[in-house]
Amino acid sequence: MSISRRSARRSVRILGVAAASAALAFTASGTALACNISEFSAEATCDGSNGVITVTDQDASGTPATITVFLESNGADAKQVGDAQTVKGNKAGKKVTFSEDWAPDATYRVHVKVDSGKIQIDTDITPNLTTPSTACKSTESSSPSPSDSATPSPSASETTPAESDSPTPSATDSTTAPAGTSDNAPSPAVGESNLAETGANSNTGLIAGIAAALVVVGGGAVWFGMRRRGAHSDN
């Protein structure tokens, strides 16, 4: 059975449409996997007390890209941060970091360059990266200072002076000579009684005893004399 020209033409047309559709689909898929600047992002973070700038590449095609970071000042590059780094992205996102002690509210320009055949990228991530308004906290500020921890506070026993172990000198041990034993002390006046000075060394008792004895003796002598006189009167 022979194929008519009309059938042949129809078959060729169908094959052409299918080939064109396949080519269009392949081109679309290739474009979807191609590296694009929108797949790059940057942020300023902290690694402990150190600042870092992290660039993430979410290019599923894994096309190599060169990343360069610049600190901006008044719209111009002030310095380059570290060396340029090459990254091969993936769908989950491949990260590359730059160590930078960034200041709060600073501006950085992140440049991406791709040179891979038909894929050519030589542009910046927009907008420019602006760091947070708070700098990374230093770990030294939370730890106690050596002067506070090393210096012990004086205890009550250290600040209170200890009592002297040496005995208190008594009155008898005093080196000062008594006033009454001094050779230069004035002698008491004539007629003054010792009782006037202290009252303890007075001779009043002795004198009273002698006087009483004299009274008794005198009385006895008078009584004896009167008795003898009475005896003579009787004779």
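A nonpolar core, as the term is used here, is a set of buried Ala, Val, Leu, Ile, Met, Phe, Trp, Tyr and Cys residues joined through side-chain atoms within 4.5 Å. With that in hand, here are some notes on this predicted model.

1. **The core.** The largest nonpolar core holds 24 residues, and I67, F98, Y108 and V112 have the most contacts inside it. At least two core residues come from each of these strands: β1 (40–47), β2 (50–57), β3 (64–73), β6 (94–99), β7 (107–116) and β8 (119–124). As general background, nonpolar side chains in soluble globular proteins tend to be buried together.

2. **I67 and its partners.** Setting aside neighbours within four places in sequence, I67 is in contact with F40, V55, A84, Q85, V87, V96, F98, V110, H111 and V112.

3. D77 lies in strand β4, which covers residues 76–80. Is D77 buried, exposed or partly exposed? Its relative accessible area is 41%, so D77 counts as partly exposed, the class between under 20% and over 50%. Leaving out residues up to four places away in sequence, D77 touches F70, L71, E72 and R109. With R109 there is a polar contact between the two side chains, at 2.7 Å. D77 also has a C-alpha atom 8.6 Å from that of Y108, although the two residues are 31 apart along the chain.

4. **Two positive phi values.** Most residues other than glycine have a negative phi. N74, however, has a positive phi near 55 degrees; this residue is found in the loop between β3 and β4, and N74 is exposed at 82% relative accessible area. D105 is also not a glycine and has a positive phi, of about 60 degrees. The loop between β6 and β7 is where D105 sits, and with 51% relative accessibility D105 counts as exposed.

5. **A cis peptide bond.** Most peptide bonds are trans. The bond from T126 to P127 is cis, with omega near -5 degrees. P127 belongs to the loop between β8 and β9 (129–130).

6. Which residues make the nonpolar surface patch of about 330 Å²? They are L206, I210 and L214. I210 is part of helix α4, residues 204–234, and counts as partly exposed at 46% relative accessibility.

How values were computed. Residues are numbered from 1 along each chain as its sequence is written. This is a predicted model: local features need pLDDT of at least 70, side-chain atom pairs count only at pLDDT 80 or more; totals for chains, interfaces and linings use all residues. Side-chain values use heavy atoms; hydrogens and water are left out. Buried means under 20% relative accessible area, exposed over 50%, partly exposed in between (1.4 Å probe, protein chains only). Helices (H or I, at least four residues) and strands (E, at least two) are DSSP runs, numbered from the N terminus. Contact means heavy atoms within 4.5 Å. Patches are made of residues with over 30% relative accessible area and no salt bridge: like charges are joined within 9 Å, nonpolar side chains (Val, Leu, Ile, Met, Phe, Trp, Tyr) within 5 Å. Accessible areas come from the Shrake-Rupley method with a 1.4 Å probe; for residues, only the protein chains shown count as cover. A salt bridge is a side-chain nitrogen of Lys or Arg within 4 Å of a carboxyl oxygen of Asp or Glu. A polar contact is a pair of N or O atoms within 3.5 Å; within protein, one must be able to donate a hydrogen and the other to accept it, and residues adjacent in sequence count only if both atoms are side-chain atoms.
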